[in-house]
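Let's take a friendly walk through a protein model together. Have a look at the picture first, and then we will follow a few charged side chains.

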Amino acid sequence: MYVMEWKQKKLRKMKRRRPTLDSHALSASEGDGTKRKGGVAAYTWGPPNWTVHVKDWGNLPHHVVLQIFQYLSLVDRARASSVCRHWNEVFHIPDLWRRFEFELNQPATSYLKSTHPDLIQQIIKKHAQHLQYVSFKVDSCTESAEAACDILSQLVNCTIKTLGLISTARPSFMNVSQSHFVSALTVVFVNSKSLSSIKIDDTPVDDPSLKVLVANNSDTLKLLKMSSCPHVSPAGILCVADQCHGLRELALNYHLLSDELLLALSTEKHVHLEHLRVDVVSENPGQTRFHTIKRSSWDALVRHSPKVSIVMYFFLYEEEFEPFFLDETPVTHVYFGQSVSKEMLGRIGLNCPRLVELVVCANGLEPLDEELIRIGERCKSLASIGLGECEVTCSGFVDFVKICGRRLTQLSIMEEVLIPDSQYNLDQIHTEVSKHLGRIWFPDMMPTW
Amino acid sequence: MILKSEHYAALAGSANVGVNKWRFLLESLEDLDTSLRKLDSRLFVVRGQPAEVFPRLFKEWNVTRLTFEYDSEPYGRERDAAIVKMAQEFGVETRVNNSHTLYSLDRIIELNNNSPPLTFKRFQALVNRLGLPKRPLATVTKQQLDSCRTDISDNHNERYGVPSLEELGFKTHGLSPALWKGGESEALDRLNKHLDRKAWVANFERLRINICSLIASPTGLSPYLRFGCLSCRLFYYDLRELYMKMRRHSSPPLSLFGQLLWREFFYTAATNNPNFDRMEGNPICVQIPWDHNPEALAKWAEGRTGFPWIDAIMTQLRQEGWIHHLARHAVACFLTRGDLWLSWESGMRVFEELLLDADYSVNAGSWMWLSCSAFFQQFFHCYCPVGFGRRTDPSGDYIRRYIPKLKDYPNRYIYEPWNAPESVQKAANCVVGVDYPKPMINHAEGSRLNIERMKQVYQQLSRYKGLSLLATVPSIQEEAEPPMIDESKAHSSSGLCIVRRGPGRPSCREQRHAPSPRSSAPVPPPQKRARETNSSTR
């Protein structure tokens, strides 16, 4: 097959501009290293060996060019595709179009480059059916999000497996009219029928669109990330949990989390859940009262999926924390994005035995020695801790590190956190902690501006 | 002293932008002139471009030698190289001395295998090796000046006098008096007071910030260091001697010189990097998809964000030209990764205009640090525009001082007036949305979004796919003890290795000299990479 192609190409070439190809190019190849500029392929024939000596880049076999193209960036590949018809054909081989990231930015308002509109057109025309792993990166302009929706609406006849809608700055999808967004999104939901991973955080997706998703992809859906989707209700997400038994990863806001949801994810039919990410975000202090999840629901989840990672990010004011961690909670990764009270950190020590990572942005001016030591003692899987604007005495901190020992692989403590006391000053603490960690450790520094 | 005419052009009609900076500079020049007068000499301020001015002066004044202070900043080096060349053409000897920094920056870089250190700990280790900086020279004496007389013409003030603010295009009517007076005399006076205060406090530890620290300190020295009114070496040695006197000759720890060493650190990082003050094309800067929003930027720059803590800080900055370093952290974080998600370059430019001690290296470096764009900073720590302010100054007096409109608000609501019930707002005679702006962003939602964005950026950079927030940032582990230069030939690493940490994950040492496109962080030699665009986020 090779040689056939080869011959055809050669003939075409001969017709074009290589009148000098003559018979001795066809002679025996042993040692015939005729290096003729302009590339002449010399080959021998004789049964059963067909050896081909390539001296013409333009005539490299397809699969070789394909491999090379796979290493190139899109821009470089696009340039290479205009070199010759052969390379242009390779450029359009479906394998190169399985994965694509559409970058949609308005040049006046973004530091990022955009995918060229001509290329977008080409993809829609020639490659929509090849696309399997698709993402859209948009900036904070509504036009960019609208452009993304327009492309989505044209992705019919496709077998998309992964879809990601990513806003790199402000969530511009929220500014698109809800009907426009939903109709575009459901085009993909309906047509793909084999969606396994969907990331639609910060979008106006709603309950009906989730129903469409479920109706068409319930067998294949494994991952769903939809943090900050204000138009979805707990019932909407419950529908997903009820029908999509292969769901392994889920990210949502706390208001969508319910006892029913956790139970639905723990039924026998359901696979083990691997990762649950929950964002708890304040609207305005005092205006949202968060509900509590029953301990029995958490227990059911952990019984069903013993290895599940439960990640909770909190962006609350101190007084809003009341409903949390009152009872044993199987959370593994906790981030407090604003300040959190001493009492809450005490609760963490008491009620989070599965804790792996704790990151605290700020607490205040009371030393957290007790709380930290309790966390060290009771959270036996704790491997990572980060403290921002907090206070811990140096001796208290050393005690904590002694308790945890080498399991602490991440220890990020702002320098101002550590209060020197009679036992240790800042220079001594670095050696002491390094000793217990088994590696050189320094607190994080901020420049004295 | 050459005042370039382009400086005036930029100022014309610019609503007094940068007036504090210029006033400080002019006061410094006046002070220098006054000091020289006491030695029977004068300061000559020449107006024009160096390229035209120097040739003219070389001839007119029969110049035989030109001396100036070494400027390590990339722009300065370029300019000075041209001047040196010009001087050579005229047969003028040039002497360039290094006095703006404690050490020779090239020496520090050389000691670190020809690469500026990217962590402060590493920098401190190198400085330790270098020992003490050169001692400052004594000031110029009359005898020294006697041997180089110049005729002072009668019209000296018109031709070579220090210009006035009006001459530069500023409107001085109604301008409040300067809180920071420029000049060497003032600098030395402050230095003495600064040392006195340290001695009185009798401990050299860092003090907790409170409202007093937020207000302009009569012993603050940073603008004087920036403008060269105070020698960093003089400050260093005076501090050192004071410590040794009080602590019975024990050698001071490096932490005593924190302010000076941070300054030195950023100067070292910047000197070989002509793109140090921008994101694009800067090999040490992470490419972050910042938003572009001139309206939001203006609100921040003009103190109209609706967050009193932020607005008070920006107001103090605009009025006085100096804010405490934690206040800088607060507003820098708010503009970039904390809330508004705007580029640190815009913030840097605003500081350049308004902040008296903002120089190229420290300003750009600090902005990159605070926005987590360089130097491998963890980004989880965010300064809350309400909480951080409240913890720093619970009395709220700082806000009342710089935003008098809010002075009647009770402490409970002064940091978040939008949450005050209507009755309280009316009683305070300041209704949010009418007399004072509404908050321009929901901080909780904003920080949630931004943490996600930072995580996305850093996950691409470090290729970390796990769940740990802290492990997303590739940690950099420079060896604490720098190898001597000749030892380095044996090792391929410069003492720099990027360690991706995670449970059970082996650390991977990446060679600096052969960074693959997939390397964790872009840290190649600055000379080589300065022209390549940063492709680390692809």
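Is Arg159(B) buried, partly exposed or exposed? Arg159(B) is partly exposed, with a relative accessible area of 41%. Here buried means under 20% relative accessible area, exposed means over 50%, and partly exposed lies in between (1.4 Å probe, protein chains only).

A word on the ground rules: this is a predicted model, where local features need pLDDT of at least 70 and side-chain atom pairs count only at pLDDT 80 or more, while totals for chains, interfaces and linings use all residues. Residues are numbered from 1 along each chain as its sequence is written, chains are lettered from A and ligands numbered from 1 in the order in which they are written, and side-chain values use heavy atoms, leaving out hydrogens and water.

**Salt bridges**

A salt bridge is a side-chain nitrogen of Lys or Arg within 4 Å of a carboxyl oxygen of Asp or Glu.

| Pair | N to O distance |
|---|---|
| Arg347(A) and Glu322(A) | 3.1 Å |
| Arg159(B) and Glu60(B) | 3.7 Å |
| Glu110(B) and Arg107(B) | 3.1 Å |
| Asp279(A) and Arg448(B) | 3.4 Å |

Arg159(B) forms its salt bridge with Glu60(B). Because Arg159(B) lies in helix H8 and Glu60(B) in helix H3 of chain B, the pair ties together parts that are 99 residues apart in sequence. Helices (H or I, at least four residues) and strands (E, at least two) are DSSP runs, numbered from the N terminus. Glu60(B) is partly exposed too, at 43% relative accessibility.

In chain A, Arg347(A) is buried at 8% relative accessibility, whereas Glu322(A) is partly exposed at 37%. Glu110(B) and Arg107(B) sit three residues apart in helix H5 of chain B, about one turn of the helix.

**Where the chains meet**

Contact means heavy atoms within 4.5 Å, and 63 residues of chain B are in contact with 64 residues of chain A. Five salt bridges cross this interface, and Asp279(A) with Arg448(B) makes a salt bridge between the two chains.

**The sheet in chain A**

Chain A has an open sheet of twelve strands with parallel pairing, running from E3 to E15. Two strands pair if DSSP finds at least two bridges between them. Strands E3 and E15 of chain A stand at the edges with a single partner strand each, so one side of each is left without a neighbour in the sheet.
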